[in-house]
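User: Hi! Could you walk me through this structure with some questions and answers?

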Amino acid sequence: MRTNSATNLFPSATHAQPKRKMSRMARQEELTGWLMAGPWIIGLILWTVGPFVAAGYLAFTDYDILSRANFVGFDNFERMLFADPLFWTALKVTSIYAVVSIPLQMALGLFLAILLNMRIRGLTLLRTIYYLPAVLSGVAVSLLWIWVFSADWGIINFVLSLVGITGPSWLSSEKWALPALITMSLWGVGSGLIIYLAGLQGVPTELYEAAEIDGAGRWPKFWQITLPMISPVLLFQLIIGIIGALQVFTEGYVMTEGGPNNATLFFLLYLWRNAFQFLKMGYASALAWAIFIYIMALTLLVLRSSAAWVFYIGEIKGRS
Amino acid sequence: MSSYPARKTFTSIRLVNFLEKAIVYAILLAGTLVILTPFWWMVTTSLKTPAEVFTFPPTFLPHKIIWKNYVDIFQKAPFLLYFRNTIYVVLLDMIGTLLSASLVGFAFARLRWRGRDLLFLITLATMMLPGAVILIPRYLIFKELHWLDSFRPLWVPSFFGYAFFIFLMRQFYTTIPFDLDDAALIDGCSHFGVWWRILLPLTRPAMAACAIFTFNATWNDFLGPIIYLSSQDKLTLALGLLNFRGPHTTDWHYLMASSVVAMMPVILLYFFAQKYFIQGVVFTGVKG
C-alpha cells in the first residue's frame, strides 16, 4: 500500500494527534527528530549550502590557490561573456548534446517500453538486457566505446562496411565526434525505459477498454490515453535528463579530451580545466554559476511549460 | 458482406496479430543485439592476440582464446591495489549512505519536529542543485582540512547523508503503516528503538536499493577521484584504467581485458540484485 507522494507530500500530517501542550513524549519526539536529522543538517551547511554561497563569492574574485583572493567585481563574468570564445563553444557543444540526446533517448525509451508492454514473452530477460548498460558508466565504458568507434578496427565501421559505407574516423573527426558521443548515450536508453514501462503498467486498462468500445484506433489511444497518462513521468525524466546531460564529463575527458578542435568541449570539462589545470578558481566559479543558472532556467522553463502538457489524474477526479 | 463474415474477420485479425507480434519481436531482438554488441566486442577483443586485434574485417570469435591476457594485466599494472582502494571507498561510502539515509529518512517520515517540513523542502531543492556549482568550494574545504590525496573527500560526506537517498528512504517509510510505531511507543519503546527494531527490518528492500545505487555510483565515479587523488598508490580503478591506457596505446586486448575486470563487479551485482535495482529505480522515478 504505497502512498502517492505527489498527492500527499507530508503524510504524517494526516495522523497528527489533536494539538495540545507539548507532552513529555512529544518533546522526546522533537528531540529525537533533531538528533537523527542532525548530521544531515550539518552536512547540508558544510557540503552544500556553504559551498554554494562560497561559489557565489569566489566568482567575484581572482582566486588561484597560490595567492590571496582579490575582489574583482564582475571581471570574471565580463570575460566569460565577451572575451572567452571557449565559454560559448562549451555552452554550444553541451547544449547540442543535450538537445539531441535527451529527446532521442526519451522517444526511443518510450517506444521500446510500449513494445515491451505488449504482453511479450521473455519480458524479464529483455528488460534485463536493455537496462544493463544503464548500470555501467565511467572510464571502463568510455574505453570500450573508443574501441567500438575505432576508425580502422572498430565494430561500427565494420558494420557500416557491410552495407558499403566507409565510416568516418569518429572520435578524431571534428564533424563526427559529438554525434558519436550522442550515439553512445543512446546505449543507456534502458534507464528511462524501465521507468516508462512501470508508468505504462500503471495506466488503468479500463481507459483503453472504454476507448476501444468507442472505436478508437492505435494512434488515438496513444495520443489521448498513453501519452497524457505518463506525461508526469516524462516530465521527471526530462528534468533529470537536462541536469545530467548538461554536466557530462567523463566521456569528454576520456574519449576525446574535448577535441578535436574543441568539438566535444563539454561545459564541465572546460570548468574542470580552468579550476584544476589552470588553477583559475575564481573564473571557474563564475563558469559554475553560469551553468547553474542555465540549468535552473531550463528547468523552470520546462516546469512552466508543463502546465500545458503534463496531465495529472487528480485533475479529472477533482481531488488533489 | 460474405455469408460468413465473422469467420473471415477472425482469421484476418489473427493474421494481423501474428504479423504485429512478429514485427514487435523483430524490433526488440534487433535492439538487444545493438545493446549487446559492444559487450561482445569488448570480451572477444580481450581474448585475442595483438595481431588478431588489428585485423579487418574483425574476427567474430578469437582464433585462439588467450586467457593469459587476464593474467598479464595484473602484472602490467597494480590492479589489485586499484581494486583494494576502490573497495575501501565503496564500502565506507555504502555504510555512511545507508546509515544516514535510514536515520534521516526516518526523522523526516515518522517523527514530528519543528522545521521538519521546511527542511524537507530544502532537501528536495538540493537534489536539483547541479553538482558543478559546489565542486570548487568543496575542493577548497577539503584542501583546508588537508584531506587532498586521501580517500576522505570521497566517503566522509556520505555519513552526513545524500539528498537522493534520504528522499528515497523517506518515501519508502511513508508506505509503512504508522500503527506499528504507535503500538511500540505505547509499549515503552523509544523512537530510536522504533527505528532500530521495527522499521529498519521492514525497509530492507529500499535499503538494498540504496546500497546498490551507492555501490554503482561510487564504483563508477570518475570526477571525484580525479579531483582528489593523485598518488600512484591511491588510485581507484577508474583512474588506474586511465593510467593503463598511456598516451598512444595500442594494447587494446589488455585495455579491454581490464575494462571487463573493472565492470565485472557491477555486472554481477546487477544480475544478482536486479529486483532491487528495478524496484528502486521505479520507486523513485514513477512515485517520486
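**Two chains, question by question**

Just after helix 12 of chain A, Leu279(A) takes a positive phi of about 55°. Helices here are DSSP runs of H or I with at least four residues, strands are runs of E with at least two, and both are numbered from the N terminus. This is a predicted model, where local features need pLDDT of at least 70, side-chain atom pairs count only at pLDDT 80 or more, and totals for chains, interfaces and linings use all residues. Residues are numbered from 1 along each chain as its sequence is written, chains are lettered from A and ligands numbered from 1 in the order in which they are written, and side-chain values use heavy atoms, with hydrogens and water left out.

User: How many of the eleven residues of helix 12 of chain A are buried?

Analyst: Buried means under 20% relative accessible area, exposed means over 50%, and partly exposed is in between, using a 1.4 Å probe and protein chains only. Among the buried ones in this helix are Phe267(A), Trp272(A) and Arg273(A). Helix 12 of chain A, residues 267-277, is mostly covered, and the buried count is ten.

User: Which helices of chain B do those buried residues pack against?

Analyst: Contact means heavy atoms within 4.5 Å. Within chain A, the partners are helix 3 (85-116), helix 11 (250-256) and helix 13 (281-309). From chain B, the partners are helix 6 (132-144) and helix 12 (223-228).

User: What is the area buried between chain B and chain A?

Analyst: Buried area is the accessible area (1.4 Å probe) that two parts lose on being put together, summed over both. Here 107 residues of chain B are in contact with 107 residues of chain A. Carbon and sulfur atoms give 75% of the buried area, which is about 9,700 Å².

User: How many salt bridges are there between chain B and chain A?

Analyst: A salt bridge is a side-chain nitrogen of Lys or Arg within 4 Å of a carboxyl oxygen of Asp or Glu. Over all chains, the count is seven. One of those between the chains pairs Glu20(B) with Arg218(A), at 2.6 Å from N to O. Between chain B and chain A, the count is three.

User: Which helix gives the largest share of the side of chain B that touches chain A?

Analyst: Across this interface, 19 residue pairs are in polar contact, both residues being at pLDDT 80 or more. A polar contact is a pair of N or O atoms within 3.5 Å; within protein, one must be able to donate a hydrogen and the other to accept it, and residues adjacent in sequence count only if both atoms are side-chain atoms. The largest share, 17 residues, comes from helix 1 (residues 5-46) of chain B.

User: Why does the salt bridge of Arg112(B) and Glu29(A) join two chains?

Analyst: The side chains of Arg112(B) and Glu29(A) meet at 3.1 Å, N to O. Arg112(B) lies in the loop between helix 4 (79-110) and helix 5 (116-128) of chain B, while Glu29(A) lies in helix 1 (residues 24-58), so the pair joins two chains, with Glu29(A) belonging to chain A.

User: Which helix holds both Lys68(B) and Asp72(B)?

Analyst: Lys68(B) forms a salt bridge with Asp72(B), with the closest N and O atoms 3.0 Å apart. Lys68(B) is exposed at 52% relative accessibility, whereas Asp72(B) is buried at 10%. An α-helix has 3.6 residues a turn, so residues three or four places apart point the same way. This pair sits four residues apart, about one turn, in helix 3 (residues 68-76) of chain B.

User: Which residues of chain B does Phe52(A) touch?

Analyst: Phe52(A) is found in helix 1 of chain A and counts as partly exposed, at 22% relative accessibility. Leaving out residues up to four places away in sequence, Phe52(A) touches Trp289(A) and Phe292(A) in chain A. From chain B, the residues touched are Leu129(B), Val133(B) and Ile134(B).

User: How many disulfides are there over all chains?

Analyst: A disulfide is a pair of cysteine sulfur atoms within 2.5 Å. Cys210(B) is buried at 0% relative accessibility, and Cys189(B) is buried at 17%. Over all chains, the number of disulfides is zero.
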